[in-house]
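Reader: Hi! I'm new to looking at protein structures, and I'd like to go through one together. Could you show it to me first?

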Amino acid sequence: METIKCIETRRSIRKFKAEQVSHETMQEIVAAASFAPSWKNTQVTRYVVVEDADIKAKIADEATLGFDHNAGIIKGAPALVVVGMVHGRSGFERDGSYTTSKEDRWEVFDAGLATQTFCLAAHDKGIGAVILGIFDEAKVAEIIGLDEGQKVAALVAVGYADEDPAAPKRKSVDELVKFM
Ligand SMILES: Cc1cc2nc3c(=O)[nH]c(=O)nc-3n(C[C@H](O)[C@H](O)[C@H](O)COP(=O)(O)O)c2cc1C
């Protein structure tokens, strides 16, 4: 798909068909996302694809901070991708000190870039996704047994879309940019 068209037509998808996304397709999406830029090419972003209905239900029931909207999305999605990030590299010097006043927030920035690249690659392949930000980070890490040294950046529900939502209104370019 042409790049601008892909960016403009990607939507947050919250209703999915039951069909699973194949592991091969999921791997192709992750391969595309691996080309996202990252701090000093540290590539700290990781992906755990949860397809097991019981694990998804546990995350939905115990780790959505009482936000039923997200619990419903997670239970209805054939896969929930837990986006992890290796902590302590992006934004850090070799001696463990922070490089800038953003401290460790560059790893979240990197994970965000990778996650949007993941979503665009999924859209290009005809697969829908929604990024979920309202969840209990520590609880999700505990439920999936996240690798030592990683933190959870975001959840992404993924599957074939069963809805075709209109784009929410965007701000005008004049509101978004200024030239000096
Ligand atoms: C960091 C972040 C967190 C989000 N968290 C949620 C969420 O918890 N639940 C949800 O339904 N959508 C969530 N969204 C999706 C946004 O609501 C959506 O991107 C926005 O309304 C614009 O719609 P669009 O993605 O279709 O363009 C999140 C998006 C981002 C980038």
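Author: Happy to, and we can start with the overall fold and then move on to single residues. One thing to keep in mind is that this is a predicted model.

Reader: Thanks! How many helices and strands does the protein have?

Author: There are seven helices and four strands. Going along the sequence, their pattern is α-α-β-α-α-β-α-β-α-β-α. The radius of gyration is 17 Å, close to the 16 Å from the globule rule for 180 residues, so the protein is as compact as a globular protein of that length.

Reader: What size of box do the C-alpha atoms fill?

Author: Roughly 45 × 45 × 35 Å, taken along the principal axes.

Reader: And what share of the residues counts as buried?

Author: Of the 180 residues, 32% count as buried. As for contacts between residues at least 6 apart in sequence, 78% of them join residues at least 24 apart.

Reader: Why would residues a few places apart point the same way?

Author: An α-helix has 3.6 residues a turn, so residues three or four places apart point the same way.

Reader: Changing topic, which residues are around the ligand?

Author: The residues around the ligand are Arg11, Ser12, Arg14, His69, Asn70, Val130, Ile131, Leu132, Gly133, Ile134, Ala167 and Pro168. H4 and strand E3 (128-132) are the elements that give two or more residues to this shell. E3 provides the largest share, three residues.

Reader: How do the residues of that shell divide into nonpolar, polar and charged?

Author: Six are nonpolar, four are polar and two are charged.

Reader: What about the largest nonpolar core, which of its residues touch the most other members?

Author: That core has 41 residues, and Leu80, Ala129, Leu155, Val156, Ala157 and Val158 touch the most other members. At least two core residues come from each of helix H2 (23-33), H3, H4, E2, helix H5 (105-124), E3 and strand E4 (150-159).

Reader: Can we zoom in on leucine 80? Where does it lie?

Author: Leucine 80 lies in strand E2. It counts as buried, with 25 C-beta neighbours inside 10 Å. Not counting residues up to four places away in sequence, leucine 80 touches Val50, Lys56, Ile59, Ile74, Leu155 and Ala157.

Reader: What is valine 158 in contact with, leaving aside its neighbours within four places in sequence?

Author: Valine 158 is in contact with Val21, Ala77, Ala79, Val81, Ala122, Ile127 and Ala129.

Reader: Now for the loops. Is glycine 91 buried or exposed?

Author: Glycine 91 is buried, with 21 other C-beta atoms within 10 Å, and its place is in the loop between E2 and H5. Leaving aside neighbours within four places in sequence, its contacts include Trp39, Tyr98 and Trp106.

Reader: And phenylalanine 35, buried or exposed?

Author: Phenylalanine 35 counts as exposed, with 10 C-beta neighbours inside 10 Å. It sits in the loop between H2 and E1. Its C-alpha atom and that of alanine 114 are separated by 8.1 Å, with the two residues 79 apart along the chain.

Reader: Last one! What is phi of glutamine 43, and what is phi of leucine 65?

Author: Phi of glutamine 43 is near 50 degrees, a positive value in a residue other than glycine. Glutamine 43 is in the loop between H2 and E1 and is partly exposed, with 17 other C-beta atoms within 10 Å. For leucine 65, phi is near 55 degrees, again positive in a residue other than glycine. Leucine 65 lies in the loop between H3 and H4 and is exposed, with 12 other C-beta atoms within 10 Å.

Technical notes. Residues are numbered from 1 along each chain as its sequence is written. This is a predicted model: local features need pLDDT of at least 70, side-chain atom pairs count only at pLDDT 80 or more; totals for chains, interfaces and linings use all residues. The radius of gyration is taken over C-alpha atoms; the globule rule is 2.2 Å times the number of residues to the power 0.38. A residue is buried if 20 or more other C-beta atoms lie within 10 Å of its own, exposed if 12 or fewer, and partly exposed in between; C-beta atoms are placed from the backbone. Two residues are in contact if their C-beta atoms, placed from the backbone, lie within 7 Å. A residue is near a molecule or strand if its C-beta atom, placed from the backbone, lies within 6 Å of it. Ala, Val, Leu, Ile, Met, Phe, Trp, Tyr, Cys and Pro count as nonpolar, Asp, Glu, Lys and Arg as charged, and the others, Gly among them, as polar. A nonpolar core is a set of buried Ala, Val, Leu, Ile, Met, Phe, Trp, Tyr and Cys residues joined through C-beta atoms within 7 Å.
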